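Please look over the model shown here before reading on. The briefing that follows is grouped by topic.

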There are 2 protein chains.
Amino acid sequence: MAEPKENVLMEKITSLCKRRGFIFQSSEIYGGIQGFWDYGPLGAELKRNVKELWWSTMTRMRDDVVGLEATIIMHPAIWRASGHVDTFSDPMCDCLLTKKRFRADQIEFQSGNAYHYAGAKDTATGKEVVEPYAVLLAAGKPPESARKTAAQFYAQRGLQTVELIGETVAKVENSQRFNPENGSLLTPPVPFNLMFKTYVGPTATEADVAYLRPETAQAIFAQFKNVHETSRQKVPFGVAQMGKAFRNEVTPRNYTFRSREFEQMEREFFIKPDEAVEAVTAAVATPAAKGHPGEPQPNWGWQLWHQYWVEERIKFYEGIGLPRTTLEEYWQKPEELAHYARACVDILFKFPFGTQELEGIAARSDFDLSQHERCSGKAMGIFDEELRTAFGKLPPQKQTELKDRYYAARLKYLTKMGVSAAEAGAAAQEDADGLAKGQYIPHVIEPSAGVDRLILALLANAFTEVTETDAKGKSETRVVLRFHPRVAPIKVAVLPLLKNKPELAAKARAIFESLRGHMMAFHDEAGSIGRRYARQDEAGTPFCVTVDFETFEGIKDGPQAGVKDTVTIRHRDDGKQERIATSELLPWLLVRVK
Amino acid sequence: MAEPKENVLMEKITSLCKRRGFIFQSSEIYGGIQGFWDYGPLGAELKRNVKELWWSTMTRMRDDVVGLEATIIMHPAIWRASGHVDTFSDPMCDCLLTKKRFRADQIEFQSGNAYHYAGAKDTATGKEVVEPYAVLLAAGKPPESARKTAAQFYAQRGLQTVELIGETVAKVENSQRFNPENGSLLTPPVPFNLMFKTYVGPTATEADVAYLRPETAQAIFAQFKNVHETSRQKVPFGVAQMGKAFRNEVTPRNYTFRSREFEQMEREFFIKPDEAVEAVTAAVATPAAKGHPGEPQPNWGWQLWHQYWVEERIKFYEGIGLPRTTLEEYWQKPEELAHYARACVDILFKFPFGTQELEGIAARSDFDLSQHERCSGKAMGIFDEELRTAFGKLPPQKQTELKDRYYAARLKYLTKMGVSAAEAGAAAQEDADGLAKGQYIPHVIEPSAGVDRLILALLANAFTEVTETDAKGKSETRVVLRFHPRVAPIKVAVLPLLKNKPELAAKARAIFESLRGHMMAFHDEAGSIGRRYARQDEAGTPFCVTVDFETFEGIKDGPQAGVKDTVTIRHRDDGKQERIATSELLPWLLVRVK
């Protein structure tokens, strides 16, 4: 049977990535290590470009976002507050016969006849083992094979000549309780925490346990007060962070898509609770619209902020070369949401192996800061003078309504977290009274993107095969990586037409030197010009600049007739060539690659 | 007693870093975690600038270096080959009384009288404990206090009423065997491996152990062949990598200087063995000098390459604002070198807490690649056509001489690594024969720098206190961070002179928008202009641009008389101001901040 087409494509991408130095298997010379991937010279540049564009779009070019760079290992209490210690796990079970480990929810569904046993006896010694066991057989298979498997199971428990006890047979439909490879019963599923664990300090006791962060976001919450106090930002504002995160995936898969070490680009955008927004806008006679249409407005509640960020993030992907047609928005259904989330949109990309998540944009309410406040005992709320003033100006009925709503929301959170009814009521009341005085815990919108899967999406989207037939009728298929110039690892290659002409070589070298301080440039003298173009196409270089004999002549006709000192620019995607004055080259390139 | 002056300075720097958002303690709200530090908004930008400058200087701007970005967790065999599993450790010992753990080589030297005991007896039950113990007392102290401590020790071993057995007293000079806090004998030192350990995959057996990399360098060696084959580079060439590394330091100290999670910027520069260089240059009649004076030449052996990189790295530090007077070169003495190293130079910086290493530049011979070849069974050598041809042209005597030297070097390495004499001889002979055929394992020069300690050096070097006295005679001391503009987190602040003049505000905003796409810019309307200047001085912003009423008038005299649309540029370091046309602002800034 032929491989599905998408896997052929993935194999081609994987092979190109290794051959051209985009992605290598980590520790390849030692047989690799599952779920870990390295970026080679071209891959490292591609990744740097993507991260730089995210940072500049999401931080530097915005007045309302600042950056943070926190450590990978943090205090373990952070992961207790976030819920990761208790709930960041996959269900695992082991084969009772071979001990092989499975992810319980990924076992294929099986049907057939289950042969159950109550135990077994050693006919020689009379020794009995009372331990239930079962084997699943496909319908129609002879019971003997189940008995043979069961005998192996009891033999492992110290019986020599096994006599099975209490065989019963039951029909089973769509079960995940049996090993698909040998029919053996599995252990009941047990949660397996996906955080990598280590020990900090010279002793390795339980008190020294620490985790490699499974996400970058929590550091933003933990440092919220420090950032707020030192950055002179006011809510609404965001904190952005990029960095490595680690998840001990049971089954890493789909190349770099789901790996155990990966990089995230996350941003927490802190907003006022809706009750605070309403209080402030209700107190203003005619709230003035701010800035350009579509720009954030002071009267936006969480829903508008959330929609705004979904749209901003899609625009970002479009801006680096993923057309909207390759993306999908998936709005999570109410029953899919985490209990604290109010909405979550996944931005999906059509990968060769299926349509999968690139980024999630979640409206997380005030859950995270509230948790850290409760768990650390440090106040995470802020004081907002404008809110305090506005609240005082509201009619009493409006005040009561807003306080009641805020009270209800806080009570719901506290109750959900297991705080006793009496305590929760008192605390929620305190929070509601605080709101009237201008105090609240900010809510957040969290756009959370994976760098590695984005790189993979860019590679998959750029990957094109081109078949060309030469004059002799011989056809050749080669790869062109159609990266957007903004992300392409090399922006421009400068090529002398011929290597052995010193004036061409010197001129090409001089042009290369004049460009490299402004962008990643490449200089290549080796091989025919056609081969050099092909090499650049395969690396995804959008522009090749060729220095040829015409460079030293004047342009003969057209609008630029008479201009001397020119070069040919060859475009990667259509192979078209144009001639421009060397002096115009840098600005020509800059507007296209930045 | 007053604190030493340098600690006062460190305290001021630490305090400024927290107050202005350069550096926060990791997980501060949970009491912190020792040896881990986060970078706040300004610190994150400072760090990004430093890393970007290193990457561009060491990679993009060079023809002979490419980048790599490998994972933090790699196959554990890498750390066995590198020697880290066996030898990357500090000696640790525990107090026999309190169990407190010490780094054995950092215990203060003590002298006095050691009271030794052979054991103790319970006078009530007659039970005996035969276990030697000792307590150190400063000369002149009464023996009773030693006996009291010893009694506590034996009481912990289950004796109720302790009678000490076999007391002897011995003079002790400069010993590190006793706990300085209570005089108790310590356990003998045991090596404590500094690598953080974790488990990869769903089981946590010894086979699943992995380490967080204690350095980034090894990934470069492990991926050497992949990079060499895909990058079209020829030896000599380098591979650069930046990234996090982890060391479970027993005593992290000096703020961010020695932390447990840190970032490195490392580069392996692969060169030919001297025998290969000699073969090639001996075969050429008159080796032509290449490029500008001081540029690498084909006839350079390891010593010249090593000196070249020391000088290049010092130039780098000068280029980002650390004057040569703040740096020191320390050439390690032969007895200090690792057995495989031929030379190592530390570049030291005069930190407030002492002169300490910023970067090490080691000539590591072919040790690393040889180790990975032996341990992985994968060939790490390369084939050099030019060498093969050259070798064939050499007179037989020269051939023999070079082969003998290469043989001797390889034999020395193999013997040192414990390979048996017979095997080592055969392998070295094969290597020497290979050299004649153009094959060799590259040697390396490794400039290895720490990002975090460089950030700290830049902060310490930039930190200046300025005391100003106002018209009323009131003097105020404030901080100016004199960063080089290339590393300064914010390059330019754009300030309207007054907030409440819409035309000033709009103009300032427009100028800010025109700059921010080119550099990190900041816009600030709040507070008096003096306060805003002071805030920028404290953040290390080299230039403030002020929009004032003159902006809309023509310049009255001087060479630019009559020019309209101008701004004031205020210089951080001397407070001097100059006026330039707004249209000239961007190019004026660009040449100063890039």
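**Helix, interface and backbone**

Helix 2 (residues 41–60) of chain A has 20 residues and spans 26 Å from first to last C-alpha, close to the 28 Å expected at 1.5 Å a residue. The expected span is 1.5 Å times one less than the number of residues. Helices (H or I, at least four residues) and strands (E, at least two) are DSSP runs, numbered from the N terminus. This is a predicted model: local features need pLDDT of at least 70, side-chain atom pairs count only at pLDDT 80 or more, and totals for chains, interfaces and linings use all residues. Residues are numbered from 1 along each chain as its sequence is written, chains are lettered from A and ligands numbered from 1 in the order in which they are written, and side-chain values use heavy atoms, with hydrogens and water left out.

**Helix burial**

- In helix 2 of chain A, 17 of the 20 residues are buried, so the helix is largely enclosed by the rest of the structure.
- Buried means under 20% relative accessible area, exposed over 50%, and partly exposed in between (1.4 Å probe, protein chains only).

**Interface of chains A and B**

- 85 residues of chain B contact 85 residues of chain A (heavy atoms within 4.5 Å).
- About 7000 Å² is buried between the two chains, and carbon and sulfur atoms give 54% of it.
- B:Ile29, B:Tyr30 and B:Glu69 supply 12% of the area that chain B buries against chain A, more than any other three residues.
- Buried area is the accessible area (1.4 Å probe) that two parts lose on being put together, summed over both.
- Twelve salt bridges link chain B and chain A (a side-chain nitrogen of Lys or Arg within 4 Å of a carboxyl oxygen of Asp or Glu).
- One of them pairs B:Glu69 with A:Lys47, at 2.5 Å from N to O.
- Helix 2 (residues 41–60) of chain B gives the most to the side of chain B that touches chain A, with ten residues.

**Cis peptide bonds**

- The bond from A:Val235 to A:Pro236 is cis, with omega near 5 degrees.
- A:Pro236 sits in the loop between helix 7 (224–231) and strand 15 (237–246) of chain A.
- B:Val235 and B:Pro236 are also joined by a cis peptide bond, with omega about 5 degrees.

**Positive phi**

- A:Arg232, not a glycine, has a positive phi near 60 degrees.
- A:Arg232 lies in the loop between helix 7 and strand 15 of chain A, and is partly exposed at 42% relative accessible area.
- B:Asn174, also not a glycine, has a positive phi of about 45 degrees.
- B:Asn174 lies in strand 11 (residues 168–175) of chain B and counts as exposed at 51% relative accessibility.
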